[in-house]
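This report describes the strand pairing of a predicted model and the residues of an annotated site. The structure is shown below.

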Amino acid sequence: MSAAYLCLAGPTASGKTAAALALARALPIEIVSVDSALVYRGMDIGTAKPSAAERAAVPHHLIDLIDPTEAYSAAQFVADATRLVGDIRARGRLPVLVGGTLLYFKALFDGLDTLPAANAAIRSQIDARAAELGWPALHAELAQIDPVTAARLSPNDSQRLQRALEVWMLSGRPLSQWHTGASRAPQDRPTLIALEPEDRTWLHHRIAERFEAMLAAGLVDEVRALRARGDLSLERPSMRCVGYRQVWEMLDGHFPPQTLAERGIAATRQLAKRQLTWLRSMPWRQRVACDQPDAVAQVVALAQAWAQENLP
(Lines give C-alpha, C1' and ligand atoms only; values in the text may rest on other atoms or scores of the structure.)
Protein backbone atom coordinates (compact mmCIF):
# COMPACT_ATOMS: atom_id res chain seq x y z
CA MET A 1 0.00 0.00 0.00
CA SER A 2 2.97 2.33 -0.51
CA ALA A 3 1.07 4.89 -2.59
CA ALA A 4 -2.49 3.75 -1.94
CA TYR A 5 -3.25 6.24 0.81
CA LEU A 6 -2.27 9.67 2.11
CA CYS A 7 -1.48 10.34 5.77
CA LEU A 8 -2.09 13.54 7.74
CA ALA A 9 -0.69 13.52 11.26
CA GLY A 10 0.09 16.01 13.99
CA PRO A 11 -0.17 16.67 17.70
CA THR A 12 -3.47 17.41 19.37
CA ALA A 13 -4.93 20.84 18.51
CA SER A 14 -2.65 21.27 15.47
CA GLY A 15 -5.56 21.71 13.05
CA LYS A 16 -5.86 18.22 11.55
CA THR A 17 -9.66 18.29 11.33
CA ALA A 18 -9.79 21.65 9.55
CA ALA A 19 -7.10 20.52 7.10
CA ALA A 20 -8.88 17.22 6.43
CA LEU A 21 -12.18 18.99 5.74
CA ALA A 22 -10.38 21.33 3.34
CA LEU A 23 -9.02 18.26 1.55
CA ALA A 24 -12.56 16.90 1.28
CA ARG A 25 -13.63 20.08 -0.52
CA ALA A 26 -10.74 19.76 -2.97
CA LEU A 27 -10.51 16.01 -3.59
CA PRO A 28 -12.76 12.92 -3.66
CA ILE A 29 -11.55 11.53 -0.32
CA GLU A 30 -12.77 9.43 2.57
CA ILE A 31 -11.20 9.87 6.00
CA VAL A 32 -9.86 6.99 8.07
CA SER A 33 -9.39 8.08 11.67
CA VAL A 34 -6.03 7.26 13.26
CA ASP A 35 -7.04 8.01 16.83
CA SER A 36 -7.14 5.61 19.77
CA ALA A 37 -9.82 7.67 21.56
CA LEU A 38 -12.26 8.29 18.70
CA VAL A 39 -12.98 4.56 18.51
CA TYR A 40 -15.07 4.79 21.70
CA ARG A 41 -18.81 5.39 21.61
CA GLY A 42 -20.22 7.90 24.10
CA MET A 43 -16.94 9.81 24.39
CA ASP A 44 -17.58 12.80 22.20
CA ILE A 45 -16.61 16.04 23.93
CA GLY A 46 -13.27 15.05 25.42
CA THR A 47 -12.10 13.40 22.20
CA ALA A 48 -13.03 16.41 20.00
CA LYS A 49 -14.99 13.96 17.87
CA PRO A 50 -15.99 15.33 14.45
CA SER A 51 -19.48 16.78 14.52
CA ALA A 52 -22.45 15.25 12.74
CA ALA A 53 -22.20 17.95 10.08
CA GLU A 54 -18.50 17.26 9.54
CA ARG A 55 -19.12 13.55 9.27
CA ALA A 56 -21.95 14.17 6.82
CA ALA A 57 -19.68 16.32 4.64
CA VAL A 58 -17.17 13.52 4.08
CA PRO A 59 -17.26 9.82 5.03
CA HIS A 60 -15.33 9.08 8.25
CA HIS A 61 -14.21 5.60 9.32
CA LEU A 62 -12.98 3.99 12.58
CA ILE A 63 -15.06 6.32 14.77
CA ASP A 64 -17.56 5.01 17.36
CA LEU A 65 -16.39 1.44 16.85
CA ILE A 66 -16.50 0.03 20.36
CA ASP A 67 -17.89 0.50 23.86
CA PRO A 68 -15.62 2.15 26.47
CA THR A 69 -15.39 -1.18 28.30
CA GLU A 70 -13.63 -2.72 25.29
CA ALA A 71 -10.03 -2.44 24.08
CA TYR A 72 -8.64 -1.61 20.65
CA SER A 73 -5.08 -2.42 19.62
CA ALA A 74 -2.57 -1.25 17.04
CA ALA A 75 -2.87 -4.65 15.37
CA GLN A 76 -6.64 -4.22 15.07
CA PHE A 77 -6.10 -0.77 13.61
CA VAL A 78 -3.70 -2.10 10.97
CA ALA A 79 -6.21 -4.78 9.94
CA ASP A 80 -9.12 -2.33 9.82
CA ALA A 81 -7.18 0.40 8.01
CA THR A 82 -5.80 -2.03 5.43
CA ARG A 83 -9.31 -3.29 4.66
CA LEU A 84 -10.73 0.24 4.46
CA VAL A 85 -8.00 1.49 2.14
CA GLY A 86 -8.88 -1.29 -0.30
CA ASP A 87 -12.61 -0.59 0.00
CA ILE A 88 -12.19 3.16 -0.52
CA ARG A 89 -9.92 2.71 -3.53
CA ALA A 90 -12.44 0.26 -5.00
CA ARG A 91 -15.05 3.04 -4.82
CA GLY A 92 -12.78 5.25 -6.90
CA ARG A 93 -11.99 7.54 -3.99
CA LEU A 94 -8.81 8.45 -2.12
CA PRO A 95 -8.17 7.23 1.44
CA VAL A 96 -6.72 9.89 3.75
CA LEU A 97 -5.59 8.63 7.15
CA VAL A 98 -5.91 11.43 9.71
CA GLY A 99 -4.98 11.46 13.37
CA GLY A 100 -2.52 11.78 16.19
CA THR A 101 -2.02 8.20 17.41
CA LEU A 102 1.48 7.82 16.01
CA LEU A 103 1.86 4.24 17.24
CA TYR A 104 -0.94 3.30 14.85
CA PHE A 105 0.79 5.07 11.96
CA LYS A 106 4.08 3.37 12.76
CA ALA A 107 2.42 -0.03 13.01
CA LEU A 108 0.85 0.52 9.60
CA PHE A 109 4.09 1.73 8.04
CA ASP A 110 6.50 -0.80 9.51
CA GLY A 111 4.43 -3.69 10.83
CA LEU A 112 4.28 -5.13 14.32
CA ASP A 113 6.44 -7.82 15.86
CA THR A 114 4.91 -10.59 17.93
CA LEU A 115 5.47 -9.40 21.47
CA PRO A 116 5.86 -11.70 24.47
CA ALA A 117 2.52 -12.80 25.88
CA ALA A 118 1.25 -11.20 29.08
CA ASN A 119 2.56 -12.84 32.24
CA ALA A 120 0.40 -12.54 35.34
CA ALA A 121 3.27 -13.19 37.78
CA ILE A 122 5.51 -10.53 36.21
CA ARG A 123 2.65 -8.04 36.16
CA SER A 124 1.98 -8.68 39.83
CA GLN A 125 5.63 -7.96 40.62
CA ILE A 126 5.49 -4.69 38.67
CA ASP A 127 2.21 -3.65 40.32
CA ALA A 128 3.63 -4.37 43.77
CA ARG A 129 6.67 -2.20 43.06
CA ALA A 130 4.41 0.54 41.71
CA ALA A 131 2.31 0.42 44.87
CA GLU A 132 5.49 0.83 46.92
CA LEU A 133 7.40 3.37 44.83
CA GLY A 134 4.80 4.98 42.57
CA TRP A 135 4.50 4.84 38.77
CA PRO A 136 6.74 7.91 38.22
CA ALA A 137 9.60 6.00 39.88
CA LEU A 138 9.04 3.06 37.53
CA HIS A 139 8.92 5.49 34.63
CA ALA A 140 12.38 6.70 35.68
CA GLU A 141 13.60 3.10 35.68
CA LEU A 142 12.16 2.57 32.21
CA ALA A 143 13.98 5.69 31.01
CA GLN A 144 17.26 3.97 31.91
CA ILE A 145 16.54 0.77 29.98
CA ASP A 146 14.31 2.08 27.18
CA PRO A 147 14.58 5.87 26.82
CA VAL A 148 12.72 5.85 23.49
CA THR A 149 9.58 4.30 24.97
CA ALA A 150 9.84 6.33 28.19
CA ALA A 151 9.95 9.56 26.16
CA ARG A 152 6.52 8.87 24.68
CA LEU A 153 4.83 7.68 27.89
CA SER A 154 3.42 9.73 30.72
CA PRO A 155 4.93 8.94 34.15
CA ASN A 156 1.40 8.00 35.26
CA ASP A 157 0.43 5.84 32.27
CA SER A 158 0.29 2.71 34.40
CA GLN A 159 -1.00 0.34 31.71
CA ARG A 160 1.67 1.15 29.11
CA LEU A 161 4.46 1.43 31.67
CA GLN A 162 3.54 -1.98 33.03
CA ARG A 163 3.60 -3.48 29.54
CA ALA A 164 6.94 -1.89 28.62
CA LEU A 165 8.56 -3.17 31.83
CA GLU A 166 6.94 -6.58 31.39
CA VAL A 167 8.35 -6.93 27.86
CA TRP A 168 11.81 -5.97 29.13
CA MET A 169 11.64 -8.43 32.03
CA LEU A 170 10.42 -11.29 29.82
CA SER A 171 12.71 -10.75 26.85
CA GLY A 172 15.62 -8.59 27.96
CA ARG A 173 14.82 -6.43 24.92
CA PRO A 174 13.38 -2.88 25.11
CA LEU A 175 9.87 -2.46 23.77
CA SER A 176 11.11 0.20 21.32
CA GLN A 177 13.27 -2.44 19.63
CA TRP A 178 10.29 -4.68 19.00
CA HIS A 179 8.27 -2.15 17.00
CA THR A 180 10.79 -1.77 14.21
CA GLY A 181 9.30 -4.06 11.58
CA ALA A 182 10.86 -4.46 8.16
CA SER A 183 12.17 -1.01 7.36
CA ARG A 184 10.89 0.30 4.04
CA ALA A 185 13.03 2.21 1.60
CA PRO A 186 12.13 5.93 1.58
CA GLN A 187 10.60 5.70 -1.89
CA ASP A 188 8.24 2.95 -0.70
CA ARG A 189 6.85 4.85 2.25
CA PRO A 190 3.40 6.43 2.03
CA THR A 191 3.20 10.21 1.87
CA LEU A 192 2.98 11.60 5.40
CA ILE A 193 2.06 15.26 5.87
CA ALA A 194 2.88 16.36 9.42
CA LEU A 195 1.34 19.45 11.01
CA GLU A 196 3.98 20.75 13.42
CA PRO A 197 4.29 24.21 15.00
CA GLU A 198 7.35 26.37 14.54
CA ASP A 199 6.46 28.11 17.81
CA ARG A 200 5.45 25.67 20.53
CA THR A 201 3.75 28.52 22.42
CA TRP A 202 1.15 28.72 19.63
CA LEU A 203 0.23 25.08 20.20
CA HIS A 204 0.08 25.58 23.97
CA HIS A 205 -2.44 28.41 23.49
CA ARG A 206 -4.52 26.24 21.19
CA ILE A 207 -4.49 23.38 23.68
CA ALA A 208 -5.62 25.67 26.50
CA GLU A 209 -8.42 27.17 24.42
CA ARG A 210 -9.63 23.75 23.33
CA PHE A 211 -9.66 22.24 26.81
CA GLU A 212 -11.54 25.26 28.17
CA ALA A 213 -14.02 24.85 25.32
CA MET A 214 -14.47 21.17 26.20
CA LEU A 215 -15.26 22.08 29.79
CA ALA A 216 -17.76 24.70 28.62
CA ALA A 217 -19.35 22.11 26.30
CA GLY A 218 -20.02 19.72 29.21
CA LEU A 219 -16.99 17.43 29.55
CA VAL A 220 -17.55 17.00 33.29
CA ASP A 221 -21.16 15.93 32.73
CA GLU A 222 -20.02 13.54 30.00
CA VAL A 223 -17.64 11.85 32.45
CA ARG A 224 -20.32 11.82 35.16
CA ALA A 225 -22.60 9.92 32.78
CA LEU A 226 -19.84 7.42 32.02
CA ARG A 227 -19.18 6.93 35.75
CA ALA A 228 -22.89 6.39 36.38
CA ARG A 229 -22.87 3.31 34.15
CA GLY A 230 -21.04 1.44 36.90
CA ASP A 231 -18.86 -0.68 34.60
CA LEU A 232 -16.00 1.77 34.02
CA SER A 233 -12.97 2.79 36.06
CA LEU A 234 -9.51 4.21 35.57
CA GLU A 235 -8.36 0.66 34.88
CA ARG A 236 -10.03 0.90 31.46
CA PRO A 237 -7.88 2.33 28.64
CA SER A 238 -10.83 4.51 27.60
CA MET A 239 -10.95 6.32 30.93
CA ARG A 240 -7.20 6.93 30.88
CA CYS A 241 -7.55 9.12 27.80
CA VAL A 242 -6.29 12.65 28.41
CA GLY A 243 -9.06 14.80 29.81
CA TYR A 244 -11.21 11.91 30.94
CA ARG A 245 -8.64 10.77 33.47
CA GLN A 246 -8.29 14.25 34.97
CA VAL A 247 -12.06 14.75 35.26
CA TRP A 248 -12.47 11.27 36.78
CA GLU A 249 -9.77 11.99 39.37
CA MET A 250 -11.37 15.34 40.20
CA LEU A 251 -14.75 13.65 40.70
CA ASP A 252 -12.99 11.13 42.96
CA GLY A 253 -11.85 14.07 45.10
CA HIS A 254 -8.13 13.83 44.31
CA PHE A 255 -7.95 17.56 43.63
CA PRO A 256 -10.32 20.56 43.78
CA PRO A 257 -12.49 21.45 40.76
CA GLN A 258 -10.83 24.84 40.36
CA THR A 259 -7.58 23.13 39.34
CA LEU A 260 -9.18 20.85 36.73
CA ALA A 261 -8.48 23.10 33.74
CA GLU A 262 -4.85 23.55 34.74
CA ARG A 263 -4.33 19.81 35.15
CA GLY A 264 -6.14 18.91 31.95
CA ILE A 265 -4.19 21.46 29.93
CA ALA A 266 -0.89 20.26 31.40
CA ALA A 267 -1.71 16.63 30.56
CA THR A 268 -2.69 17.58 27.02
CA ARG A 269 0.56 19.50 26.55
CA GLN A 270 2.48 16.41 27.65
CA LEU A 271 0.52 14.34 25.12
CA ALA A 272 1.40 16.82 22.36
CA LYS A 273 5.07 16.64 23.35
CA ARG A 274 5.02 12.85 23.03
CA GLN A 275 3.27 13.07 19.65
CA LEU A 276 5.95 15.45 18.36
CA THR A 277 8.63 13.04 19.61
CA TRP A 278 7.00 10.28 17.55
CA LEU A 279 6.90 12.50 14.47
CA ARG A 280 10.58 13.34 14.77
CA SER A 281 11.28 9.60 14.49
CA MET A 282 9.82 9.76 10.95
CA PRO A 283 12.35 12.02 9.19
CA TRP A 284 10.84 11.31 5.76
CA ARG A 285 7.62 13.16 6.66
CA GLN A 286 6.64 16.35 4.82
CA ARG A 287 6.36 19.05 7.47
CA VAL A 288 3.84 21.88 7.33
CA ALA A 289 4.08 24.65 9.94
CA CYS A 290 0.59 24.51 11.43
CA ASP A 291 1.03 27.91 13.11
CA GLN A 292 1.37 29.69 9.76
CA PRO A 293 -1.71 31.28 8.14
CA ASP A 294 -1.29 29.31 4.91
CA ALA A 295 -0.94 25.90 6.63
CA VAL A 296 -4.20 24.49 5.26
CA ALA A 297 -3.40 25.72 1.75
CA GLN A 298 -0.01 23.99 1.98
CA VAL A 299 -1.64 20.72 3.02
CA VAL A 300 -4.12 20.94 0.14
CA ALA A 301 -1.33 21.64 -2.36
CA LEU A 302 0.72 18.66 -1.15
CA ALA A 303 -2.35 16.42 -1.26
CA GLN A 304 -3.29 17.54 -4.75
CA ALA A 305 0.22 16.76 -5.98
CA TRP A 306 -0.08 13.30 -4.43
CA ALA A 307 -3.56 12.80 -5.89
CA GLN A 308 -2.40 13.54 -9.44
CA GLU A 309 -0.28 10.43 -9.26
CA ASN A 310 -2.81 8.29 -7.44
CA LEU A 311 -6.28 9.06 -8.79
CA PRO A 312 -7.76 5.99 -10.49
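## Strand pairing and sheet

Strand E5 (residues 191–196) and E6 run parallel and are joined by four bridges; two strands pair if DSSP finds at least two bridges between them. Within this pairing, Ile193 has Gln286 in E6 as its bridge partner. Strands (E, at least two residues) and helices (H or I, at least four) are DSSP runs, numbered from the N terminus.

The open sheet has six strands in the order E3-E2-E4-E1-E5-E6, with parallel pairing. Its edge strands, E3 (60–61) and E6 (286–289), each pair on one side only.

## Annotated binding site

An unreviewed UniProt entry carries the annotation "binding site" for Thr12, Ala13, Ser14, Gly15, Lys16 and Thr17. UniProt positions follow the numbering used here, feature names are shortened, and annotations may be inferred rather than shown by experiment.

Ser14 is located in the loop between strand E1 (6–9) and helix H1 (16–26). Ser14 counts as buried because its relative accessibility is 3%, buried meaning under 20% relative accessible area, exposed over 50% and partly exposed in between (1.4 Å probe, protein chains only). Thr17 lies in helix H1 and is partly exposed, at 38%.

Not counting residues up to four places away in sequence, Ser14 touches Leu195, Trp202, Leu203, Arg206 and Cys290 (heavy atoms within 4.5 Å).

## Basis of the model

Residues are numbered from 1 along each chain as its sequence is written, and side-chain values use heavy atoms, with hydrogens and water left out. In this predicted model, local features need pLDDT of at least 70 and side-chain atom pairs count only at pLDDT 80 or more, whereas totals for chains, interfaces and linings use all residues.
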